[in-house]
Amino acid sequence: MLPTASGADREIWHRSDGGRLAVRNVTRPTLTAFRPVGTPQPAAVIIAPGGAFLGLEMDKEGWAAARWFADHGITAFVLKYRTLPTPQDQKTFVAELDNMIAGRASVLAPPNDTPAPALADGIAALRYVRQHAAAYGIDPGRVGFMGFSAGGFLTRSLVERGGADRPDFAAPIYPNMGPMAVPADAPPMFVAIAADDFLLARQPGLALVDSYRAAKRPIEFHLFSTGGHGFGTGAAGSPEEGWMDLMLRWMRTQGLLAVTPAVRP
């Protein structure tokens, strides 16, 4: 449990996206550690699932990625951060979500920016991992933050507004691609998104990449031909298959890894 945990636990677990587990109405943030397999690396990554800040795709965009990192010797942490309130009844929630996606009137609406509680949970997670780095056998100066979709929005916000707590490397995956205020000491960033992602239609160009380049900060960007929004760790046979291998190579070239990653047989 993170130090920011407070209030009653009202979360609702349900099946989403092919039967994978998701959660909504999160009021008590948690951080789940996935220990590395084989020779451990000094780097660690905190993973924030997406869900429009209305819920979290814990399985598809959290645990699956964490297991992959652990299998490659990297300690991973899945952050279950606080989300906006949604209807308690699951059928009502699904109906309102369908209305929102179709552009009809709905009680649901994703925020334009990272909500303050989610940002606070991200900062608390970074502080926790660094404070307990010795116990996990990691370098407190190599703690990164990675997020999918809304988790990518959160990742951006931590770079922009995290101050001394900002991550040592950042990986927003299919995030808000709009412009961002890049600090002079912004960490290296890895970005991946599909060309047919609806988020790219919200503004012209690739302003996120342009902002980082204008600030002369290191960024690696991968644009896949298809994949839509929410491709997760990358399905076999898809254009985005193996993108996490690209991120691993990027981490190595950034000096975040000490040894050749060990892969579980």
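Which helix or strand gives the most to the lining of the largest pocket? Let's work towards the answer together, keeping in mind that this is a predicted model.

Start with the pocket itself. The largest pocket has a volume of about 980 Å³. Its lining is made up of 36 residues, and those closest to the centre are Gly51, Ala52, Met100, Ser149 and His229. Several elements come together here: strands E1 (12–16), E2 (20–24) and E5 (55–56), along with H1, helix H2 (90–102) and helix H5 (150–161), each supply at least two residues of this lining. The answer to our opening question is H2, which gives the most, with six residues. Sorted by class, the lining of the largest pocket holds 18 nonpolar, 12 polar and six charged residues.

Now turn to the second largest pocket, where you will find about 180 Å³ of space. Here 13 residues form the lining, and Val26, Thr27, Thr83, Leu84 and Pro85 are the closest to the centre. The lining of this second largest pocket divides into six nonpolar, five polar and two charged residues.

Is Asp59 buried or exposed? Its relative accessible area is 18%, and because buried means under 20%, Asp59 counts as buried. Which residues does Asp59 contact, leaving aside its neighbours within four places in sequence? They are Arg20, Leu21, Ala64 and Arg67.

Methods. Residues are numbered from 1 along each chain as its sequence is written. This is a predicted model: local features need pLDDT of at least 70, side-chain atom pairs count only at pLDDT 80 or more; totals for chains, interfaces and linings use all residues. Side-chain values use heavy atoms; hydrogens and water are left out. Buried means under 20% relative accessible area, exposed over 50%, partly exposed in between (1.4 Å probe, protein chains only). Contact means heavy atoms within 4.5 Å. On a 1 Å grid over the protein atoms alone, a cavity is a set of points where a 1.4 Å probe fits but cannot get out, and a pocket is an open set with protein on both sides within 12 Å along at least five of seven lines; lining residues have an atom within 4 Å of a point. Grid points are joined across faces, edges and corners, and a volume is the space filled by probe spheres set on the points. Helices (H or I, at least four residues) and strands (E, at least two) are DSSP runs, numbered from the N terminus. Ala, Val, Leu, Ile, Met, Phe, Trp, Tyr, Cys and Pro count as nonpolar, Asp, Glu, Lys and Arg as charged, and the others, Gly among them, as polar.
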